[in-house]
Amino acid sequence: MAQQETDEQVNVDEEGFLIDTEDCEARETAHRERGTSRPITVVGNPVLHKECKDVTEFGDELAALIDDMFASQRTAEGVGLAANQIGVDLKVFVYDCPDDDGVRHVGAICNPVLEELPPGARALDDSNEGCLSVPSAYVSLARPDYAVVRGQDAAGNPVRVRGTGYFARCLQHETDHLYGYLYIDRLSKRDRKDALRQMAENTPRYEVVPND
């Protein structure tokens, strides 16, 4: 654990927000090369449909999980991954996601909570959304175009992360996962049926865990 903490020092700005835009390539590569890619759980797997357990131990086991999550995310060509998407019942997600200005954000958040924002601080963005746990399906879903998540880093330090546009969507999507919600749970019945149809008609480009 000590070596991994040295590899990635967590920095925050003057407002207390995580600085997750610096040394992105080096940090993501270090995580990924230490980790092992795991297959992705898909809709119907029980671990995806319940609230995950809080992270209470911030040590080697958590650090290894985060490394595996980065490796799994890269294999699946995703921009965010929650622990239950590789079958682990813990509130942690990782991300490697650009915002709408093309700025890359890389990080990991434990025990995330979405902050309530005043209506004036956000507008709805009605863009397509997809999910590694609903492979090959994309459906339009309105979400706020700005999001703030508070939680803890891999060492247990309190942090906040903010995002706009596509990155805001990622933060909301991954936080949802850890409370037992997939994006298709926020769709109308018709659109949810369409997403599941798309999934059934296509073959995932990455390894998934078959549901019994």
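In which loop does Asp23 lie? Asp23 sits in the loop between helix H1 (2-7) and H2; helices (H or I, at least four residues) and strands (E, at least two) are DSSP runs, numbered from the N terminus. The structure is a predicted model, in which local features need pLDDT of at least 70 and side-chain atom pairs count only at pLDDT 80 or more, while totals for chains, interfaces and linings use all residues. Residues are numbered from 1 along each chain as its sequence is written, and side-chain values use heavy atoms, with hydrogens and water left out.

Asp23 has a positive phi of about 55° although it is not a glycine. Most residues other than glycine have a negative phi. At 58% relative accessibility, Asp23 counts as exposed. Buried means under 20% relative accessible area, exposed over 50%, and partly exposed in between, with a 1.4 Å probe and protein chains only. Helix H2 covers residues 24-34, and its buried residues are Cys24, Arg27, Glu28, Thr29 and His31. The cover over these buried residues includes H3, S3 and S4, where contact means heavy atoms within 4.5 Å.

Asn45 is found in the loop between strand S1 (40-41) and H3. Leaving out residues up to four places away in sequence, Asn45 touches Val209 and Asn211. Asn45 and Val209 are 164 residues apart in sequence, but their C-alpha atoms are 8.5 Å apart in space.

Helix H3 comes next. H3 has 16 residues and reaches 23 Å from its first C-alpha to its last, close to the 22 Å expected at 1.5 Å a residue. The expected span of a helix is 1.5 Å times one less than its number of residues. The buried residues of H3 include Leu62, Leu65, Ile66, Met69 and Phe70, and also Asp67 and Asp68. Just after H3, Glu77 takes a positive phi of about 60°. Glu77 is not a glycine, and its place is the loop between H3 and strand S2 (80-82). With a relative accessible area of 59%, Glu77 is exposed.

Not counting residues up to four places away in sequence, Leu65 touches Arg38, Ala83, Ile86, Val88, Leu90 and Val92.

Helix H4 can be checked in the same way. The 14 residues of H4 (residues 165-178) should span 20 Å at 1.5 Å a residue, and the end C-alpha atoms are 21 Å apart, which agrees. Of the 14 residues of H4, 13 are buried, so H4 is largely enclosed by the rest of the structure. Ala168 belongs to helix H4 and counts as buried at 0% relative accessibility. Beyond residues up to four places away in sequence, Ala168 touches Pro144, Asp145, Tyr146, Ala147 and Gly163. Gln172 is also in helix H4, and is buried with a relative accessible area of 7%. Again not counting residues up to four places away in sequence, Gln172 touches Leu114, Arg143, Pro144 and Ala147. Just after H4, Gly180 takes a positive phi of about 90°.

H4 also takes part in a pocket. Strand S5 (124-131), strand S6 (134-144) and H4 each supply at least two residues of the lining of the second largest pocket. On a 1 Å grid over the protein atoms alone, a pocket is an open set of points where a 1.4 Å probe fits, with protein on both sides within 12 Å along at least five of seven lines, and lining residues have an atom within 4 Å of a point. This second largest pocket is lined by 22 residues, of which Val79, Gly130, Cys131, Leu132 and Tyr166 lie nearest its centre. The lining divides into 10 nonpolar, seven polar and five charged residues; Ala, Val, Leu, Ile, Met, Phe, Trp, Tyr, Cys and Pro count as nonpolar, Asp, Glu, Lys and Arg as charged, and the others, Gly among them, as polar.
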